[in-house]
Amino acid sequence: MQALIIVGHGSHLNAESSAPVFQHAEAIRARGFFHEVRECFWKEEPSMREIFDLVEADEVYVVPLFISEGYFTEEVIPRELGLDGPAPSTTQRGRKIIHYCGPIGTHRLMTRMILQRAEESAGLSDEQARETGLIVIGHGTERNAKSADAIYRVAEEARELGVFGSVETGFLDQPPEVDEVLAAMPQRRVVLVPFFVAEGWHTQETIPDDLGINRPADSALSELDGRTIFYAAPVGTFPEITEIVLERTREAGAAIPEADPALEAEYA
Amino acid sequence: MLDAAREAGTHVRAGVADARAALLAWVDAAGDAGRIFLEANLRRSGDGLYAVRHHRDLGLAADALDIVSADPFRARKIAQTTAAGEHRPLKTAPNLRRGWLLHGLSGAGLWTTLDYLYPACAVHWYAASRGVLRVTDWPETAARQSGMYGAVGLLSPEGVRDAVAACCDDSVCLRRVAWGTGETPAAVDAAAAPSGSVPCPEACSLFISLARKALALERSPRSLIPGLGELGPKEVGQLREIVGAAAAGTLSAVREGDFAEPANRRRMRLLAQRLERAAPPAAASSIFPCEGCPRPVRCAGCPIP
């Protein structure tokens, strides 16, 4: 028997934080690849400290629904789950073998997925996309350089693929800040993709308010200084993330069917 | 402990199947009345299937309920918010909403329902009933913390006791604290516990977050305020805000995990603990005949009784 545990940060304050964890767990549960699909959290229940009290399967795959490697994925999660080390690692505990996989945000399929989702959700043809700017928005923090690295890498790959006219990165807590990046964008149409796991205070309020665009609860589309701005949902909520979670377990040896060849072709 | 190292769970020996069987047998044995588990009523129906509802909804007909479902996963959204729509970070807070019925559940369905209504509670209930619950005492939990919680181990024993009283009392959490604070061994007596009571084997994230707040209060210089005891500027400020808001009629419910808010229930309980401890001694100890009056001798016609 094999089990999947999706680990999320969770929140003491709002339900949006854990929503993508439940969303992808539900989607994977429906596929029937795992005997158990479980959610656990740092700030909600079940906690990481309790989850192994609940899992019956001996082959366990743990995927952190986090955007980057760093403090949580390398320190907090292994410690709280009692794992032997950061991802990728395998911990043997009694009969259980626990495979700790990397976070979703650094997976190789991420860039393609963001590009496709940015195009689709803004309703752009390939031709329109080439005349559109894309900004990948990160939180950024001086405490964890890796948080920004994941975003720089995605932006660089996206630039190389040339789907959008230009691709930039913008941050909340470190330079370059999003509003300056947006102001410097040459295109008349810009898609903003928050590189966040979940909706929350930043994605719903601080980012749109700082930029002077509509809050997502009102509209994803805004007109700003003669430009059309499309503000996408945070990447963690994209349905395609389900595939990335599965791909993480597949790479760690989970006995699940090969990815749909069409999907591989699309993202490869 | 070699045994412990071999086991997969943190607080219980790997035995989910045993716990599930024991739970079902416990519910089966109760007959039509069912069992109360925290705020839920678990009942075996005539068809050999199970039904779960809020125990205070027992008298309600199905058409008086908002949700009637045979899908155990519906329990997740039921448990997610209070009746007022507030997020519930702690599922054992005594604010499970009413107005729902999950029925036609198999034994596995009942287990899944409880997994979402009360994560990990049934396995911990079973482990405690067998005397095999493994607890993690506060010093170990505190020592494990890092980052913004790295200092919580510095909270004084008195501070930890106050935080437990503020965060874990029945009025805010229905689990029974089974972990020790470091001064005394864990005080769990499985035999004395009521049959549906659920132990808490380790301080939760909400407690750790409150402990951090309590430490910040404890570390800011406190001074003696007559009648109120030793309070720091933040505690006095909190008191002022609460009274001000109550006087203005704007004191409203604050999210239970929002410890930045002065009127947060657990923060107010923490403050109440300090105020209670500092209750002034009986007036007889005053050297003045009139409490608060600077004159040592009572004046003719003194208005103070």
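Two residues are taken to be in contact if their C-beta atoms, placed from the backbone, lie within 7 Å. The structure described here is a predicted model. By that criterion, and leaving out residues up to four places away in sequence, A:Val193 touches A:Ile114, A:Ala118, A:Leu134, A:Val136, A:Ile137, A:Ala232 and A:Val235.

A:Val193 also belongs to the largest nonpolar core, which has 143 residues. Together with A:Ile5, A:Val62, A:Leu192 and B:Phe207, A:Val193 is among the members that touch the most other members. The element that gives the most to this core is helix α8 of chain B, residues 205–219, with eight residues.

Chain A contains an open sheet of five strands, in the order β2-β1-β3-β5-β4 and with mixed pairing. Its edges are formed by β2 (36–41) and β4 (89–93), each of which pairs on one side only. From one strand to the next the twist averages 20°. Strand β1 of chain A, residues 2–8, runs parallel to β2(A) and is joined to it by six bridges. In this pairing A:Gly8 has A:Phe41 of β2(A) as its bridge partner.

Helix α1 (residues 19–31) packs on it and touches β1 and β2 of chain A, with a direction about 175° from that of β2(A). Helix α8 of chain A (residues 241–251) also packs on the sheet, where it touches β1 and β3 (59–64). The direction of α8(A) makes about 135° with that of β3(A).

Elsewhere in chain A, helix α3 (residues 110–121) packs with helix α5 (residues 145–161) at an angle of about 65°, and their axes are 9 Å apart. The crossing of α3(A) and α5(A) is right-handed. On the α3(A) side the meeting residues are A:Met110, A:Thr111, A:Ile114 and A:Leu115, and on the α5(A) side they are A:Val154, A:Glu157, A:Ala158 and A:Leu161. By class, this contact has six nonpolar residues, one polar and one charged. A:Ile114 of this contact is also one of the residues that A:Val193 touches.

In chain B, helix α9 (residues 233–248) and helix α10 (residues 265–277) cross at roughly 115°, and their axes come within 11 Å. This crossing is left-handed. Here B:Glu235, B:Gln238, B:Leu239 and B:Ile242 of α9(B) meet B:Arg267, B:Met268, B:Leu271 and B:Arg274 of α10(B). The contact of α9(B) with α10(B) divides into four nonpolar residues, one polar and three charged.

Helix α4 of chain B, residues 107–117, is largely enclosed by the rest of the structure, because eight of its eleven residues are buried. A residue counts as buried if 20 or more other C-beta atoms lie within 10 Å of its own. The buried residues of α4(B) are B:Gly109, B:Leu110, B:Trp111, B:Thr113, B:Leu114, B:Asp115, B:Tyr116 and B:Leu117. Their cover includes helices α2 (16–28), α3 (74–80) and α5 (121–129) of chain B. Strands β2 (40–44), β3 (50–54) and β5 (100–105) of chain B are also included in this cover.

The contact between the two chains remains. Chain A contributes 25 residues and chain B contributes 31 residues. Within the side of chain A that touches chain B, the largest share, three residues, comes from helix α2 (residues 71–81) of chain A. That side of chain A consists of eight nonpolar, six polar and eleven charged residues.

Conventions
Residues are numbered from 1 along each chain as its sequence is written. Chains are lettered from A and ligands numbered from 1 in the order in which they are written. This is a predicted model: local features need pLDDT of at least 70, side-chain atom pairs count only at pLDDT 80 or more; totals for chains, interfaces and linings use all residues. A residue is buried if 20 or more other C-beta atoms lie within 10 Å of its own, exposed if 12 or fewer, and partly exposed in between; C-beta atoms are placed from the backbone. Helices (H or I, at least four residues) and strands (E, at least two) are DSSP runs, numbered from the N terminus. Ala, Val, Leu, Ile, Met, Phe, Trp, Tyr, Cys and Pro count as nonpolar, Asp, Glu, Lys and Arg as charged, and the others, Gly among them, as polar. Two strands pair if DSSP finds at least two bridges between them. Axes are lines fitted to C-alpha atoms, for helices over the stretch in contact, and angles run from 0 to 180 degrees between N-to-C directions. A crossing is left-handed if the near helix is turned anticlockwise from the far one by less than a right angle, and right-handed if clockwise. A nonpolar core is a set of buried Ala, Val, Leu, Ile, Met, Phe, Trp, Tyr and Cys residues joined through C-beta atoms within 7 Å.
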